[in-house]
Amino acid sequence: MSVVRRGALALASPVLALLLAGLIITVVLAVIGDDIAGFWSVMSSVPEPRNAVAMLNQASVLYLSGVAAAIGFRMNLFNIGVEGQYRLAAFAAGAVAGAAWLPGYLNSLLAVVVAMAVGAAWAGLAGALRAYRGVSEVISTIMLNSIAGFLISYLIVKVGRTTGNATGTDPMPEGSRIGTIAIFPDSPTELYGLSLLAIVVGVLFWLVLNRTRFGFELRATGASDSAAVASGVDSRRMIVTTMLLSGAVAGLVGLPVIFSSAYNYGSSFQAGLGFAGIAVALLGRNHPVGIAFAALLFAYLSQQANLLNILAGISPDIVAVAQGVVVMSVVIVYEVVRRYRVRAEQTQVASTLSAESRAAAPTEGAAS
Amino acid sequence: MSSQVDTTPAAAAGTPAIELRGIGKRFPGVIANHDVDMTIRAGSIHAVVGENGAGKSTLMKILYGVQPPDDGTIAVNGETVTLSTTGDAIARGIGMVFQHFMLADNLSVLENVVLGAERLHGIGDAARERIQEISRQYGFDLDPDELVETLGVGERQRVEILKVLYRGASIIILDEPTAVLVPQEVDALFTNLRLLKAEGHTLIFISHKLDEVRAIADEITVVRRGTTVASVRPDEVTSRQLAELMVGSELPSPSTEESTVTDRVLLSVRDLEVLDAAGRPELSGISLDIHAGEVLGIAGVEGNGQTELVEAIIGMRRLSRGSVRLGDEDVTSWSTKRRRESGIGYIPEDRHRHGLLLDSPLWENRILGHQTRPPSVRGGWLSLRGARRDSTRIVEQYDVRTPGIDTTARALSGGNQQKFIVGREMSGDPRLLIASHPTRGVDVGAQAQIWRHIKDARREGLAVLLVSADLDELIGLSDTISVLLRGRLVGRFDPRAVTPQDLGSAMTGADDPTDEEAPA
């Protein structure tokens, strides 16, 4: 299959999926009797600079969450626990940063390392259960999500403080906070410093996956567990390692907000990013670049949703429905396109080879 | 049943049971059928012969309604039909007995037979009576209430035939029915088939075993490269002539030249025991040595421990007792990766599950199993250039027919996939080559090439463990043949002196099974 055709097919899947999702949402709006034209004009409007920055901030954390999920997906491990991992890790980071055991940025660094370690450990539990006791990681991570929530509620009153209605960890000292980056000069919102982690993680993800032995073994295990085992991959160790890595990246998800905006972990900390990450990873086909586009799209939809109620009188929850529909469309369309691609390639191989054998036929005929 | 068949006016008038004209099937990725013409007389045994991959299976799937043909016409009892589902075929009285049995072990014979055909005679006494009647009529000797898991291979096959008869088939396709049988069981099967013929059934017998075909068939159609090349009567041709029709001018034979066996032991297995999940031994008391330059063939009916033996040696199964030594080192506690690094090439029995990443390009498949070794990997980093260059070398050197190394493994035919695997496993200086059914499901050209590569490996001083169900392949390639029966090595034979019948007896335990070392 030519490079052009392969590329076209790779692009066709998300485009088709989005068209399908748009169609379904339009039908939903029509059935409910909402303002279809209003919905599309709001959703397709160009965002204000401050919205665009908020979008980028949102996209960066969605990207981290998406990569965390994708690391597992690439070897058929369904880490549904990114949600619990990032929240527990964010809490730990907030607590460590607030305790201020170390001065300045050393304190920040420690908090980041602790966040990754906590995320990794929480995921590693599920990994170890799967590898050594055969417990499905889907079940164990879902349970661990729930446990993480209760654990945070329990611990936060021990280490945190209550001001008014809000309970949270101690705010971190000024010197440990991470600055923001101004993108538009007149925008009141700025890009969180740690959003740049998304880029670092993305590059590392690509590099490890495609250029290292570990990445190859991970992909091989995902493509065919039996072939990987026969090729000398220690599948138990791969399961634990992959879950540790996935959890470590999940541990980063909450950090941009904590270090550049909230300065502590509190009860109002944003939940649901882990589940959104699963959808983002699916939409981005677990590919570093694909996930980036998916994260931007999801962030864009969420930001525009805020305007829906004001400008078109439509409840913004329709956008959450839209995001769900996108994921479903993606799963269906990708499978259809995959089958088409397999058939197209087989046909092409058959025709190339038969053309070759026809070219060789005259000599064969002469010999017999 | 017999009344159904005999009174068919078409049969009386001498109309062929099946007439295929100009059948063609362009099937992505594998050799297509083209210009297939075949006439099958009613009430005869018609053999369809051809090498693995010649297109027999596709043709029979077309006839059984699994896949529709792209061109041509099918006539059943003189009437042109369209068979787009197996239901259509069954309605026309066509039944098929597959090579791999489709039986539920934990159900009785009765339950297996009525499954999916409950509407014919219910699931109770009427069905039981019908089954007993068929069983008596054709000498099947089957008890409807026996559990299938207690039945032997030959009996299971008769259950499969019974299933087809129960559904009212008068034209029965048997796909390589003798592949899973030992010679004595083959004789019993032939007795059954002759009875079926005497009752007016039409049998289509697919095989590539020529002596059997000549013994049982009334007519023989030869398929080569997807098309019918000849129709002959068994008394008109010799096996040799048939073989030449099948493979074209050049007849590959696995015969080995002069011995290259040295006295240097490369693989030494001692008192090996492997238990299944329930703690029952799957292998026990296995001891064997393979020397440099020696091919040790393992014969046995499938399921007697061949898979387990190979997986124990490669390190995929834990030993409960015994040791494995490779060269001077005891590798018993080594991981699969370490064993492969130390020089084991592995051609797995199931290449799709164990040998390839089907949706990855060939060059990535070059890395598989060699992910710690140059040229594909240096340190922890992949060398894409190294992997690609070496894949190109394998494609050229091992004659892998592919448009390029970026093609996914799935798109290649079985023979080309296997040639790529052989090329891969022969790179990186292996000392021991484990070849499990290396030519299963590959075309005849690839088969000859793979045989040649195994002979080359032997000549280069590798130790080769060859597991195969093809007795001719074993006899032709091995320096020594051991027989595996119920997880034990029960006999050791010299391939130059052994006959398929001797091996067959050892494989079924017709010899005294306690006689561990049968005279060579």
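Guide: Happy to. Let's begin with A:Glu174, which is exposed, with a relative accessible area of 65%. Please keep in mind that this is a predicted model. The partner of A:Glu174 is A:Arg177: the two form a salt bridge, and their closest N and O atoms are 3.7 Å apart.

For a contrast in setting, turn to chain B. B:Lys163 forms a salt bridge with B:Glu160, with the closest N and O atoms 3.4 Å apart. Here both partners are buried. B:Lys163 and B:Glu160 sit in one helix, α8 (residues 153–166) of chain B, where they are 3 residues apart, about one turn of the helix.

The side chains of B:Glu425 and B:Arg340 meet in a salt bridge, 2.9 Å from N to O. B:Glu425 belongs to helix α17 of chain B and B:Arg340 to helix α13 (residues 336–341) of chain B, so this pair ties together parts that are 85 residues apart in sequence. Both B:Glu425 and B:Arg340 are buried. Salt bridges can also share partners: in chain A, they join A:Glu335, A:Arg338 and A:Arg339 into one network.

β16(B) pairs with β19 (residues 432–436) of chain B in the parallel sense, over 4 bridges, and B:Ile347 stands opposite B:Ala435 in β19(B).

Chain B has another open sheet to look at. This one has 4 strands in the order β12-β11-β14-β15 (chain B), with antiparallel pairing. Its edge strands are β12 (281–291) and β15 (329–330) of chain B, each with a single partner strand, so one side of each is left without a neighbour in the sheet. β15(B) is joined to β14 (residues 321–326) of chain B by 2 bridges, the two strands running antiparallel. In one of these pairings, the bridge partner of B:Arg325 is B:Asp330 in β15(B). Packed on this sheet is helix α12 (residues 306–314) of chain B, which touches β11 (265–275) and β12 of chain B and makes about 65 degrees with the direction of β12(B). How well covered is α12(B)? Mostly: 8 of its 9 residues are buried, including B:Leu309, B:Val310 and B:Ile313, as well as the charged B:Glu308 and B:Glu311. B:Gly315 follows the helix, and its phi is positive, near 95 degrees.

Strand β9 (residues 219–224) of chain B is mostly covered as well, with 5 of its 6 residues buried. Strand β3 (residues 45–49) of chain B is joined to β9(B) by 4 bridges, in parallel, while 5 bridges join β9(B) to β10 (residues 227–232) of chain B, running antiparallel. B:Val222 takes part in both pairings: B:Val49 has B:Val222 as its bridge partner in β9(B), and the partner of B:Val222 in β10(B) is B:Ala230. β9(B) and β10(B) form a hairpin with 2 residues between them, and B:Arg225 in the turn has a positive phi of about 50 degrees.

Let's finish back on chain A, at its surface. A nonpolar patch of about 850 Å² is made there by residues including A:Leu56, A:Ile183, A:Phe184, A:Val203 and A:Phe293. α7 (197–211) and α13 (288–312) of chain A each supply at least two of its residues, and α13(A) gives the most, with 3. A:Ile183 comes from the loop between β3 (180–181) and β4 (191–192) of chain A, and is partly exposed, with a relative accessible area of 35%.

Key: Residues are numbered from 1 along each chain as its sequence is written. Chains are lettered from A and ligands numbered from 1 in the order in which they are written. This is a predicted model: local features need pLDDT of at least 70, side-chain atom pairs count only at pLDDT 80 or more; totals for chains, interfaces and linings use all residues. Side-chain values use heavy atoms; hydrogens and water are left out. Two strands pair if DSSP finds at least two bridges between them. Contact means heavy atoms within 4.5 Å. Axes are lines fitted to C-alpha atoms, for helices over the stretch in contact, and angles run from 0 to 180 degrees between N-to-C directions. Patches are made of residues with over 30% relative accessible area and no salt bridge: like charges are joined within 9 Å, nonpolar side chains (Val, Leu, Ile, Met, Phe, Trp, Tyr) within 5 Å. Accessible areas come from the Shrake-Rupley method with a 1.4 Å probe; for residues, only the protein chains shown count as cover. A salt bridge is a side-chain nitrogen of Lys or Arg within 4 Å of a carboxyl oxygen of Asp or Glu. Buried means under 20% relative accessible area, exposed over 50%, partly exposed in between (1.4 Å probe, protein chains only).
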